[in-house]
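Here's a quick briefing to read with the structure open.

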Amino acid sequence: MEKQKVRFEFVTFTGERQEVEGMTGDTVMQVAYDNGVEGVAAECGGSMSCGTCHVFLDEASFDRIDAPSEGEVDMLDIVASERRPTSRLSCQIKLEENFTGAKVMIPEMQY
Amino acid sequence: MTQAQLQHSDIPAGVPMHDAGERFHPFEHEGMHQLLAEFRQDVPIFYSPLIDYWVVTRRADVISVLRDHERFSAVVATQPVVPWPPELLQYLVDQGFTNESVQVACDPPRHTRIRSHVQGFLNPKKLQSFEAEVRALVQSYVAAINGKDTVDLVDAITYELPALIAFLLLGVKDIDPRRIKSWTELRVKLMHGHPTREEQMAAADDLLDFWRFSCDLVEQRKVNPGDDYPSWLLASRGGDDTRLTENEIKSLTFALLLAAHETTSNASANVLLELLRRPEDWQALVEDPSLIPNTVEEGLRYVSSVVAWRRMAKEDFELAGVSLPKGTKLLLSLASASRDEGTYENGDNFDIRRKNARSHVAFGNGIHFCMGAPIARMQIRMMIEELTSAFPNMTLIPDEEIEIAGVLTFRGPTRLPVRLNG
Ligand code: HEM
Ligand code: FES
């Protein structure tokens, strides 16, 4: 399938917003890294070993996209900042068109 | 190769990059941090003729290479620095040494397939579940030195203990940890050291014994599975070679019998040494143990036990302003990256209260990120907790020579003589 552009935004812990663009199939973590978004350490490069790519989504986007896997839910137990109902590991969210307009909030700390 | 690309012979004598290559002694740890601090200022990359590697000194460049697994292959990560003689290779093959690169020295898609199986066992949650057993082991080792006047902490604690914790994961019982340690040292020397040809040939039979030990372990688990790493891998394989082969499981077990303790022995001894060199820090931890987790991170940052890690370019590339051809081998200095002043204020100072200590690269970065980090951190923390609590007045015995064993990638003191009660 042809790749599509997906636009969404990051919001830092202090409230600064940064609009970004990724391609379908990329992960939110990759987009953060490619755009130099700070606060997503993502030490393990998306292999789900570190829990340092934690983000919160806006509720509507959280509900719209695929639910986290069991492994991701387990990892969310060990993240450094408080876990919330819309917590996700950004390396496990693959962009689809339905992520357009999502708000990705970065927690205070990743470790 | 294009004209613009640099050959090391093109680097004129006298320029900082050439000078760095001449002065850098990759197997000598004495003074290495100071030298790297100097290079980091204006030599982000230089060629080391002694090993035929380009050395990368800045944190951002090190991370960018580690994260770019499409362009930089890990196949050289554990390659012998001094190639093994063909006779040795032949002898090993004849004797059934079928160890293959399954993890730290292989690339996707193979790496991805294998790591997904390993992840089922070596994940933070599972590793956390060993907490009580690790605590009990650490306490038993600390109790064993109680009542003594002087001890060598390497000999008494940091050398063996991480091996026993590795045995917990592997379900190994009834083997002398010292046997595994000496096999491991031998393997480290063969991969990352500069052994003579005689040493290489003489190592063959011990290497085979180590390999056979790993194979036996897997064979036993096939008959008698338990809640341990090899049993998990066998179950995850489900008899299907396209998922994971038995030989891959043997190779993974062989790999973990090294990875799970060699680094941790060094890392714990490194941080203990820095603390004991600074009695005020030791005292601070005695008074406020909540400083210990950050101390562990600062130890890993300041004296990472893995001082350097290797990659090879799969295509032509540019790094730190230099264009280099496909096939170039890179030695990423984790030791230098973790002290980079661009990220760490006064990076060459050891500061147990440093705010961003945890952002070090001691465990690597990217898809090969250390899978044992949670349990490594746990044991180092517990060693410091138990030692500061049992021996609040411990001091280093002055004027004793502390030697650092010299291999390309690892660093750790060979002994740590202390007076337990000051
Ligand atoms: C302080 C102690 C340790 C240090 C400094 C350390 C460091 C490292 C480093 C630098 C890498 C390579 C990362 C890369 O290529 O980007 C690595 C990989 C690895 N480590 Fe550790 N390690 C430690 C302890 C452990 C322990 C205790 C275990 C097992 C229980 C372990 C298991 C592994 C494994 C399985 C890999 C390979 C991961 C892969 O290639 O996908 N390590 N470690
Ligand atoms: S990047 Fe490590 S868990 Fe997401």
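**Where the chains meet, and what else to look at**

D74(A) has a relative accessible area of 33%, so it falls in the partly exposed class. Keep in mind that this is a predicted model.

**The A/B interface**

- Chain A puts 17 residues into the contact and chain B puts in 15 residues.
- Together the two chains bury about 1300 Å², with 50% of it on carbon and sulfur atoms.
- On the chain B side, the residues that lose the most area to chain A are R67(B), K125(B) and R358(B), which together make up 42% of what that side buries.
- K125(B), the partner of D74(A), comes out as partly exposed, because its relative accessible area is 37%.
- The salt-bridge count between chain B and chain A is three.
- Polar contacts across this interface come to ten residue pairs, both residues being at pLDDT 80 or more.
- Two elements of chain B, α3 (59-67) and α6 (124-128), each give two or more residues to the side that touches chain A.
- Sorted by class, that side of chain B has seven polar, four nonpolar and four charged residues.

**Salt bridges elsewhere**

- Over all chains, the structure holds 40 salt bridges.
- In chain A, R83(A) and D77(A) pair up through their side chains at 2.6 Å, N to O.
- Both partners fall in the partly exposed class, because R83(A) is at 36% relative accessibility and D77(A) is at 44%.
- In chain B, E38(B) forms a salt bridge with R23(B), and their closest N and O atoms are 2.8 Å apart.
- E38(B) sits in helix α2 (residues 32-42) of chain B and R23(B) in helix α1 (residues 16-23) of chain B, so this bridge ties together parts 15 residues apart in sequence.
- E38(B) counts as partly exposed at 41% relative accessibility, and R23(B) counts as partly exposed at 31%.
- There's also a network of salt bridges in chain B, linking E219(B), K222(B), R237(B), D241(B), E246(B) and K250(B).

**Aromatic pairs**

- The count over all chains is 17 aromatic pairs.
- F97(B) and W211(B) make an edge-to-face pair, because their ring centres are 5.6 Å apart and their planes stand at 65°, where over 60 is what edge-to-face takes.
- F97(B) is in the loop between α4 (86-94) and α5 (110-118) of chain B, while W211(B) is in helix α11 (residues 197-223) of chain B, so the pair ties together parts that are 114 residues apart in sequence.
- Are these two buried or exposed? F97(B) is buried, with a relative accessible area of 13%, and W211(B) is buried too, at 2% relative accessibility.
- For F121(B) and F130(B), the ring centres are 6.4 Å apart and the planes are at 55°, so that pair counts as tilted.
- F121(B) and F130(B) are both buried.
- Ring pairs also join F97(B) and W211(B) into a cluster with W183(B), F210(B), F213(B) and F254(B).

How values were computed
Residues numbered from 1 in each chain as written. Chains lettered and ligands numbered in written order. Predicted model: local features only at pLDDT ≥ 70, side-chain atom pairs only at ≥ 80, totals over all residues. Heavy atoms only, no water. Contact = heavy atoms within 4.5 Å. Buried area = accessible area lost by both parts, 1.4 Å probe. Salt bridge = Lys/Arg side-chain N within 4 Å of Asp/Glu carboxyl O. Polar contact = N/O pair within 3.5 Å; in protein donor to acceptor, adjacent residues only side chain to side chain. Helix = DSSP H or I, 4+ residues; strand = E, 2+ residues; numbered from the N terminus. Nonpolar A, V, L, I, M, F, W, Y, C, P; charged D, E, K, R; others polar. Phe/Tyr/Trp six-rings, centres within 6.5 Å; stacked < 30°, edge-to-face > 60°. Buried < 20%, exposed > 50% of the residue type's maximum accessible area, 1.4 Å probe, protein only.
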